[in-house]
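Student: Could we go through this structure together? I would like to learn how the labels are reached.

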Amino acid sequence: MSGAPPRTLLLWCPDWPVLAAEIVDGVPATGPVAVLHANRVVACSERARAEGVRRGLRKREAQGRCPQLTVVEYDPGRDARAFEPVVAAVEELVAGVEVVRPGACAVAARGPGRYLGGEEAAAERIIEHVAQSCLVESQVGIADGVFAAGLAARAGRVVAPGGTPEFLAGLPVEALGRSALADLLRRLGVRTLGDFAALPAGDVLARFGFDGALAHRLAAGRDHRPLAVRQPPADLTVTAQHDDPIDRVDAAAFVARALAEQLHERLAGHGLACTRLGIEAVTEHGQELHRVWRHDGLLTAAAIADRVRWQLDGWLSGSNGRAGARPARPTAGIIRLRLIPDGVIAQAGLQAGLWGETGEERERAHRALSRVQGILGPEAVVTAVLGGGRSPADQVRLVPWGDERLPARPGPAPLPGGPVTSGADRAVGAGRPADRGAGAVPPWPGRLPAPAPAVVLPSPLAATVHDAAGEPVVISARLVVSAPPVRLVVGTGQPAEIVGWAGPWPVDERWWAPVEARRRARFQVSLADGAALLLAVEAGQWLVEAIYD
């Protein structure tokens with residue numbers, strides 16, 4: 001489709017995870033509060049920011065900057081449940097509200113702009129109504145398309161019709177919300193959305209795949225909704241009838257997962273994927289509930305199940321928000337639940353990636369792995385995510401299949417030399433500091449040089465190393481090796497001859513905290529039988545940490 005995206009009004013509640021923690025759990029948002037996910041700050045209060053707390057900080061660093069910091073675990077279900085009163089308040093003034101995510105909802109700007117006296121007047125009226133009804137501060141942005149309206153809301157701006165590409169052009173590529181893509185674009189010299197939008201669309205699709213093509217459309221000010229060139233057939237809607245009314249959140253979550261799998265399989269059978277989901281529920285007393293959820297990417301079966309569960313949780317819990325006025329809990333349990341794929345895009349015409357990112361095999365594998373998780377639990381299927389760290393065991397994190405693949409620590413590119421001296425932890429050894437360009441992630445001090453070992457042992461194996469005279473090889477406090485290592489014995493095995501070695505590469509971690517302090521030195525050794533091992537010396541004990549291929 002051609003033409004500009006429709007004018008969109010988006011309401012955004014700053015620091016919503018913090019406000020949700022106050023609404024649901026009573027955590028005072030006026031104090032220093034940080035919401036953590038995977039041991040990193042994902043949201044913080046204004047008071048915490050004044051103390052130096054920022055998104056992306058590790059828990060210990062955030063607490064070091066603000067000792068009085070209150071830490072709250074990230075809970076998307078809590079965020080969605082607390083946001084339901086806000087959506088209900090917006091819906092009292094305008095129709096057709098779409099929930100983008102907990103803390104943000106969007107609506108077509110044309111209707112409110114006409115009957116509320118213009119776009120700016122509509123924005124002020126909605127903000128005032130939400131503040132009076134829910135005691136929640138919010139900001140509104142209006143632009144062409146949901147993506148641009150979300151960025152305009154953060155600045156509290158109304159972008160003139162047709163001015164969205166110019167508004168987006170000067171923003172950094174991080175505004176896309178895709179950290180991996182933004183990092184790659186910066187390394188390629190593409191730093192703003194305008195630079196990214198200027199690239200040929202065909203080249204972007206070939207290089208970055210389908211998700212990169214969607215991001216390219218957003219950067220150019222063309223919302224990806226126009227890609228839905230066909231209306232969803234009526235038979236794509238899935239419905240579940242229940243003789244016993246559902247009035248508990250755990251029962252609703254079970255129903256949501258089964259219905260989400262059914263909808264995803266039906267869409268896949270038609271070569272479609274869902275970007276906007278309508279959720280309808282009917283109670284035993286005939287009360288009808290309806291909500292629309294929107295997603296910037298493609299809604300997988302797990303993502304559909306999460307949104308249905310969050311919405312049912314918001315309805316069944318009857319959270320009253322700050323004002324305590326609405327929405328009320330349904331007077332009876334739910335007897336009918338319906339999922340409507342309100343926004344779909346065709347996938348049949350997509351070019352498969354080099355490794356089959358959008359191919360049929362990947363979809364079949366995803367459905368099979370999701371089914372295994374449904375039988376054995378989420379932890380039954382995991383995938384490895386590379387990140388930062390000094391030892392091989394620190395650089396790999398196992399994430400359940402379908403969850404967001406975020407590293408536990410920021411991971412820079414491998415260094416050309418070896419461990420370096422840098423940062424708060426002391427690391428001494430061969431190597432040199434890496435060149436740091438604009439936006440580069442600082443290297444981990446003491447990081448192992450490339451190549452990475454092929455096998456990382458879950459528990460290091462005890463070993464002994466001897467010199468040519470048969471004496472144990474020891475490392476002094478000044479990192480002096482008593483003699484060249486000649487023979488290695490792992491556990492109670494047979495001695496193996498060492499034909500080559502490199503090191504030591506010592507690391508002195510957390511030396512400022514005696515209880516957590518750890519000091520060790522690592523060696524790489526080659527054996528006569530062709531094997532290569534990573535050894536470590538800690539507290540006088542030799543250990544085998546990993547095996548090279």
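Predicted model: local features only at pLDDT ≥ 70, side-chain atom pairs only at ≥ 80, totals over all residues.

Student: Why is Gln 524 called buried?

Tutor: Its relative accessible area is 18%. Buried means under 20%, so Gln 524 is buried.

Student: What makes the link between the side chains of Gln 524 and Tyr 548 a polar contact?

Tutor: The distance is 2.7 Å, and the cut-off for such a pair of N or O atoms is within 3.5 Å.

Student: Why is the pair of Trp 16 and Phe 83 called edge-to-face?

Tutor: The ring planes of Trp 16 and Phe 83 stand at 70°, and angles over 60 degrees count as edge-to-face. The ring centres are 5.3 Å apart, and pairing asks for centres within 6.5 Å.

Student: And why are Phe 523 and Trp 542 called tilted?

Tutor: Their planes are at 45°. Under 30 degrees would be stacked and over 60 edge-to-face, with the rest tilted, so this pair is tilted. Phe 523 lies in strand E18 and Trp 542 in strand E20 (residues 541–548).

Student: How do you know that Phe 523 is buried?

Tutor: Phe 523 has 1% relative accessibility, and the limit is under 20%, so Phe 523 counts as buried.

Conventions: Residues numbered from 1 in each chain as written. Heavy atoms only, no water. Buried < 20%, exposed > 50% of the residue type's maximum accessible area, 1.4 Å probe, protein only. Polar contact = N/O pair within 3.5 Å; in protein donor to acceptor, adjacent residues only side chain to side chain. Phe/Tyr/Trp six-rings, centres within 6.5 Å; stacked < 30°, edge-to-face > 60°. Helix = DSSP H or I, 4+ residues; strand = E, 2+ residues; numbered from the N terminus.
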